[in-house]
Every structure is written in C-alpha cells, then in structure tokens.
Amino acid sequence: MPRRLLAGACAALLAVAASACGGSDTETTEDGLTKITVGAIPIVDVAPLHLGIDQGYFETQGLEVEVKNTSGGAQAVPGAVSGEFDFAFGNVTSLLVARDSGLPVQTVANGVSSTGKDGEDFGAIVVPEGSDIKSPKDLAGAKVAVNNLKNIGDTTVRNSVREDGGDPSNIQFTELPFPDMPAALEKEEVDAAWVVEPFLTTALDEGATEIASNFVDAHEQLTVAVYFTTEENAKKDPELVEKFVTAMNHSLSYAESNPEEVRRILGTYTEMDEQLIEDIRLPAFPPDSSIESVQAVGDMMKEDGLIKEDPQVDALFPGRS
C-alpha cells in the first residue's frame with residue numbers, strides 16, 4: 001500500500017482508534033461457535049488460512065471464520081482498526097508504517113515468509129528478455145515497476161541494489177498492478193519489475209529474466225506478512241486471540257508440511273488455472289515470525305524515509321523480542 005495513502009488512512013482513523021479501535025462484538029452460531037471475520041487478500045500467501053478452515057482447525061477452537069477479501073493494507077489496516085475485521089492479513093512494512101502513524105496494531109500470528117533460497121523464492125526482480133541489466137546494481141537510473149510505492153517492494157529492491165554495490169537513489173519506481181507486469185516487461189514499457197507469484201511464473205514463461213531474489217537479499221528468513229489485530233481487541237478478548245493463534249499455527253504447520261494441499265486449496269479461492277497452480281513457486285509458511293528480519297526491514301524503511309521514528313518492532317510483536 002502506498003505510504004501516502006496509508007498515512008492518510010491513518011490520520012483519518014486516529015480518532016476512531018481513540019474511541020472504538022477494534023471494538024467489534026463477536027456473535028455465536030447455533031452450534032456454539034464464535035463468529036470471527038478475517039480480512040485477507042485472495043492470493044497464494046493466505047493459503048494456510050483457507051486450509052485451516054478446510055481442515056477444521058478453527059472449528060476445533062470453537063471459531064467460525066468468515067474471510068472477507070481485501071485489496072491489501074488500504075483495506076486491512078483501516079478495517080481492523082474500525083472493527084470491521086477481528087483479524088487481518090498485512091505485510092510488515094504496512095504495519096510498521098501504521099505503528100509509526102500512531103495506529104495501535106499488533107501481530108498475533110505469522111503469515112508468509114521467504115523461502116530463503118536465491119532463485120527459488122516466490123518473489124523476484126525480473127527484466128525483459130535480452131536486457132542489458134544483469135544484476136541489481138545495474139538498476140541505477142532504471143524504471144522499475146512495483147505494485148505499491150514506498151512499501152515492501154521498493155524497500156527490498158533498494159536493499160538488493162545496495163547489497164550488490166549499486167546506488168538506488170535514482171531508481172524510477174512506478175506503480176503497476178502485479179497482473180499487468182508480465183505484459184509491461186514483454187513490451188519493454190519498464191526496465192524491470194518486482195513481481196510475486198503467480199505473476200512471477202507468468203513473466204518467466206513469457207521470457208523475462210530473473211536477476212535477484214530481493215526478499216532473500218533482505219534476510220534469509222524474511223517474514224513478509226503476518227496476521228494482526230488491534231491492541232484493544234487483544235486486551236478485550238485475549239481468549240479469542242489465543243484460539244485464533246492456536247488455529248493459525250496448526251494451519252501454518254500443515255501448509256508448510258503439505259505443499260500439495262496448498263496447491264489444492266488455491267483452486268478454491270483464487271482464479272488461477274490448474275497448470276499455473278502446479279508451476280508456481282510456493283512461499284514458506286513457518287508458524288514463527290522472524291523478529292530479526294522485521295527489524296532489518298524496519299531499519300531499511302527508516303533509511304529510505306518511509307517512517308519517521310525508529311521502527312516499532314517490539315510494539316508490533318509484543319512479548320516476542
């Protein structure tokens with residue numbers, strides 16, 4: 001989510017946070033299950049959530065989950081703060097920006113992580129076929145597509161350039177939806193793109209060349225996104241949070257150990273065709289977040305000016321430092 005949009009949303013929601021942050025009231029079904037709403041993007045990253053519902057992990061904890069599709073942090077953070085969602089899925093950069101803007105969000109469970117394998121991760125920097133750009137340092141002055149400006153994409157791309165000995169200060173980042181990136185690369189409308197699955201596989205199939213695994217460059221165990229709630233929700237109903245965490249941890253472990261099940265469930269909530277589902281690279285789904293990796297990303301954000309103060313990692317991960 002663009003920093004400017006999230007900042008505006010944060011400002012508008014500060015009054016809400018002060019009076020009704022996370023103040024949703026749960027309901028109970030006829031079967032005695034507690035209804036909860038989870039805001040999540042319908043992408044590969046949230047497969048464990050859908051698997052957990054499918055496998056009955058949430059029902060075992062006495063929870064009935066309604067997944068409400070979001071477009072990302074633009075909906076997830078305000079939705080959680082306003083009480084529309086009991087829990088939501090969001091990348092760590094958006095949440096650190098939210099904390100920096102005064103919104104009391106906190107992580108409750110891991111979401112998705114890098115595979116830590118260079119050239120085998122679920123996100124990468126790619127260039128058109130035959131490009132003169134051979135490594136990240138060559139991106140200096142280039143036009144690079146990312147889905148959102150001032151977020152986890154351009155932050156980690158800049159880091160890859162620095163790690164390769166280049167200067168990222170004059171990279172021309174441009175916003176482009178992930179689905180449009182493969183065609184933009186093929187037409188050479190951009191010099192490079194940061195793209196994630198399933199669009200990474202599509203781009204590579206259409207001739208693009210991978211030059212870096214920017215998540216891996218940032219940290220070999222990078223926690224990319226998490227499930228979160230508000231401080232108010234956590235204090236108001238810690239038992240509900242504990243049940244959600246227990247179910248999510250089972251779901252993450254199941255997804256991590258059963259990649260074939262991840263691919264199966266993708267066909268139930270995404271519009272990916274069967275062949276693409278089989279071909280894509282899956283991310284890692286460890287139950288534990290890497291606090292060290294989030295701190296590393298936070299430090300990059302501070303260096304790039306995405307946040308004003310030191311990253312509030314301890315506040316985002318209470319009791320986990």
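User: Where is Pro198 found?
Analyst: Pro198 is in the loop between strand 9 (192-196) and helix 8 (199-205). Bear in mind that this is a predicted model.

User: What is the peptide bond from Glu197 to Pro198 like, cis or trans?
Analyst: The bond from Glu197 to Pro198 is cis. Its omega is near 5°. Most peptide bonds are trans.

User: OK, zoom out. How many helices and strands does the chain have?
Analyst: The secondary structure comes to 15 helices and 11 strands.

User: And what does the radius of gyration say about the chain?
Analyst: The chain has 321 residues, and a compact globule of that length would have a radius of gyration near 20 Å. The chain has 19 Å, so the value agrees with a compact globule. Along its principal axes, the C-alpha trace spans about 60 × 45 × 30 Å.

User: What share of the residues count as buried?
Analyst: Of the 321 residues, 57% count as buried. The chain exposes about 13300 Å². Carbon and sulfur atoms supply 43% of that area.

User: What about contacts along the sequence?
Analyst: Take contacts between residues at least 6 apart in sequence. Among them, 81% join residues at least 24 apart.

User: Switching to charges. How many positive and negative ones are there?
Analyst: The chain has 22 positive and 55 negative charges. Their mean positions are 6 Å apart.

User: How is the chain divided into domains?
Analyst: Domain 1 covers 34-114 + 221-316. Domain 2 covers 123-218.

User: How many residues are in contact between domain 1 and domain 2?
Analyst: On the domain 1 side, 20 residues are in contact with 17 residues of domain 2. The C-alpha centres of the two domains lie 24 Å apart.

User: Now some single residues. Which ones other than glycine have a positive phi?
Analyst: Lys150 is one of them, with phi near 55°. Glu188 is another, with a positive phi of about 60°. Most residues other than glycine have a negative phi.

User: Where do Lys150 and Glu188 sit?
Analyst: Lys150 is in the loop between strand 7 (143-146) and helix 6 (152-163). Glu188 is in the loop between helix 7 (181-186) and strand 9.

User: Why does Glu188 count as exposed?
Analyst: Because its relative accessible area is 56%, and exposed means over 50%. Lys150 has 46%, so Lys150 is partly exposed.

User: Helix 7 came up. What about Met181?
Analyst: Met181 lies in helix 7. Its relative accessible area is 1%, so Met181 is buried.

User: Which residues is Met181 in contact with?
Analyst: Leave aside its neighbours within four places in sequence. Met181 then contacts Ala145, Val146, Asn147, Leu176, Ala193, Trp194 and Val195.

User: How far is Met181 from Thr202?
Analyst: Their C-alpha atoms are separated by 9.4 Å. Along the chain, Met181 and Thr202 are 21 residues apart.

User: Let's move on to helix 14. Is Gly298 buried or exposed?
Analyst: Gly298 counts as buried, because its relative accessibility is 0%. Gly298 lies in helix 14, residues 291-304. Beyond residues up to four places away in sequence, Gly298 touches Leu96, Ile307 and Pro311.

User: And how far off is Ala315?
Analyst: The C-alpha atoms of Gly298 and Ala315 are separated by 13 Å. The two residues are 17 apart along the chain.

User: What about Lys302?
Analyst: Lys302 is also found in helix 14. Its relative accessible area is 33%, so Lys302 is partly exposed. Leaving aside neighbours within four places in sequence, Lys302 is in contact with Ile307, Lys308, Glu309 and Asp310.

User: How far apart are Lys302 and Val241?
Analyst: C-alpha to C-alpha, Lys302 and Val241 are 30 Å apart in space. In sequence they are 61 residues apart.

User: Last one. Where is Thr70 found?
Analyst: Thr70 is in the loop between strand 3 (63-69) and helix 4 (73-82).

User: Why does Thr70 count as buried?
Analyst: Because its relative accessibility is 6%, and buried means under 20%.

User: What does Thr70 touch?
Analyst: Not counting residues up to four places away in sequence, Thr70 touches Gly39, Ala40, Ile41, Pro42, Gln75 and Phe85.

How values were computed:
Residues are numbered from 1 along each chain as its sequence is written. This is a predicted model: local features need pLDDT of at least 70, side-chain atom pairs count only at pLDDT 80 or more; totals for chains, interfaces and linings use all residues. Side-chain values use heavy atoms; hydrogens and water are left out. Helices (H or I, at least four residues) and strands (E, at least two) are DSSP runs, numbered from the N terminus. The radius of gyration is taken over C-alpha atoms; the globule rule is 2.2 Å times the number of residues to the power 0.38. Buried means under 20% relative accessible area, exposed over 50%, partly exposed in between (1.4 Å probe, protein chains only). Contact means heavy atoms within 4.5 Å. Accessible areas come from the Shrake-Rupley method with a 1.4 Å probe; for residues, only the protein chains shown count as cover. Lys and Arg count as positive and Asp and Glu as negative; His and the chain ends are not counted. The place of a charge is taken as NZ of Lys, CZ of Arg, CG of Asp or CD of Glu. Domain bounds come from an automatic or database domain assignment.
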